[in-house]
Amino acid sequence: MSDAKAVADRLVKAKRLNALLTPPKDLRKSLNMQVAAARPTGVLYGMPVAVKDNICTLEFTTSCGSRILEGFRSPYEATAVAKLKAAGALIAGKTNCDEFGMGSSTEHSAYGRVLHPLDKTRVPGGSSGGSAALVAAGAVPAALGSETGGSVRQPAAFCGVVGIKPTYGRVSRYGLVAFGSSLDQIGVFGRSVHDAARVLSVISGRDPRDSTCEDRDPLRLPTVPESLQGFVIGLPKEYFPSELDPAVRRACDRAIRMMKELGAAVREVSLPHTPYAVPTYYVIAPAEASSNLARYDGVRYGPRFNGATDLRGLYRATRGQGFGPEVRRRILVGTYVLSSGYYDAYYRRAQQMRALIAQDFRNVFDRGVDLLFTPTVPSPAFKAGEKLADPIAMYMSDIFTVTANLAGLPAISLPIGRVKGLPVGGQLIGQAFLEDEMIEAAYALERVVPPTDEA
Amino acid sequence: MSVSREEVLRIAQLAELDVDDDTLPTLAEQMSRILDYVAQLSAVPANGSVKAFVPGPDAIRFRADEVTPSQLAFGPDEFAPDFKEGFFVVPKLGQFE
């Protein structure tokens, strides 16, 4: 059993990263109580798991990285958190993130940016950047994040850790603060595929409180395979464009060679609607966000930004001052694409494109491909501030990850090498609810690929 | 520019969001760029026969129609900005068009 002080000390030591939002005093106090109460029979007994700040906990406040929920104590906890505690895990504080999960660099947090653990001038990725940074720094073996367009896999790739986004409906969203409800899914970070997978296994499974969560048993962990014999791995050509960073391509080529050596059959495939994935995502996600974030009005919870003399003024002042610039932009874009006159041109068109993107994947999987292998992100971690003034440049960081969210598929990112000291992630995209196959292949690849060697 | 400042203000009104004069020009410029960027979707021919894709269970599962007490660890008096005698207190309604 880990002792509370050692767990807290490791987290406090990583303070310079600004990855943890929980004050050390609150963390120590809660961990002492949790260690005393933890059930010794659980499969995660004593394992500290940090939790992204948009997932509700009773132990700590839940601010979603936003001023509009500053100091908010949730009166209930997420199902994923309850399942972790029932398995004996320790909730090791709340991690910094882009406000409401909107961002790809964790620079859009009201509580300051998170530093990349290997280079403080760079971003850790986002939106779950705090969770990724803490796992990469060795402060916790695993952490929860959440994904709407790549917010677990992209920071996992940037920080050199493992990140899994499960199939939509695999993990209950109860207690995950909503951003884009048809895309949102809780995901996990781990130092290794096994650490991430065993946490995923615990939090997965049916939940009567979330009607979009599938009525299935928790994920069963596969064993580590000797080879990849029998696996057919597809390489979607749209994910290896000519302008891909050459070092990222070299790291991918090395991983592909190793999968072949392990016995996998590798073939090129095509997902023709891929170029439309980012624009589709940046219509659907803001549309859903503008609706979901209508609930923050300064009336029922969260701080109230005063100065208003009537109710409408209260709404506008609270929302105008409580939301940061990226969230405001997305609420406005979402309101615009849903407004009458534009709904057909933008939203309906995006919904149709989403169906075509999902069909692309089905076509490939129907032709005998088991898994797809791609780079997770087109380049290694970028410099802080580099993409802040250009929202579209920031959005392009999600180009290889948004498709799995749009199609509801499971995907994993694992470290496959480094470029000038910065980690590069490789991604495996699996078929819906076949996380076990995807994890099996990731186990095999992890055993042979040198995660910290230059590509 | 595809979105004018006036349009941003109208949308902001629909979204119940104050936008101050300082941020308005940048916001209009950025929104225009985002909307111009996503407009590439219109290059794809509209196909009315494509059924929207929604992930998740094929059919909505209904819960038993039973009243269950809410399982909150504590009540709104502990998290609402202004809560008195069982009510959320707000300023006067004012004018809603």
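This is a predicted model: local features need pLDDT of at least 70, side-chain atom pairs count only at pLDDT 80 or more; totals for chains, interfaces and linings use all residues.
**View 1. The ten-stranded sheet of chain A.** Chain A has an open sheet built from 10 strands, with mixed pairing. Reading across, the order goes 2-1-3-5-4-9-10-8-6-7. Strand 2 (90–95) and strand 7 (265–269) of chain A sit at the edges with a single partner strand each, so one side of each has no neighbour in the sheet. From one strand to the next, the twist averages 30 degrees.

**View 2. Strand 1 next to strand 3 in chain A.** Strands of a sheet pair through backbone hydrogen bonds, and they can do that either parallel or antiparallel. Here, strand 1 (residues 48–52) and strand 3 (residues 142–147) of chain A run parallel, joined by 3 bridges. Look for V49(A): across from it, in strand 3 of chain A, is A142(A).

**View 3. Helix 7 of chain A lying across strands.** Helix 7 of chain A covers residues 246–261. The strands of chain A that helix 7 lies across are strand 6 (232–236), strand 7, strand 8 (371–375), strand 9 (411–419) and strand 10 (422–429). Against strand 9 of chain A, helix 7 runs at about 115 degrees.

**View 4. Where chain A meets chain B.** Chain A puts 59 residues into the contact and chain B puts in 51 residues. On the chain A side, at least two residues each come from helix 8 (277–292), helix 9 (311–322), helix 10 (325–338), helix 11 (343–366) and helix 12 (391–395). Helix 11 of chain A gives the largest share of that side, with 11 residues. By type, the chain A side splits into 31 nonpolar, 15 polar and 13 charged residues.

Methods: Residues are numbered from 1 along each chain as its sequence is written. Chains are lettered from A and ligands numbered from 1 in the order in which they are written. Two residues are in contact if their C-beta atoms, placed from the backbone, lie within 7 Å. Helices (H or I, at least four residues) and strands (E, at least two) are DSSP runs, numbered from the N terminus. Ala, Val, Leu, Ile, Met, Phe, Trp, Tyr, Cys and Pro count as nonpolar, Asp, Glu, Lys and Arg as charged, and the others, Gly among them, as polar. Two strands pair if DSSP finds at least two bridges between them. Axes are lines fitted to C-alpha atoms, for helices over the stretch in contact, and angles run from 0 to 180 degrees between N-to-C directions.
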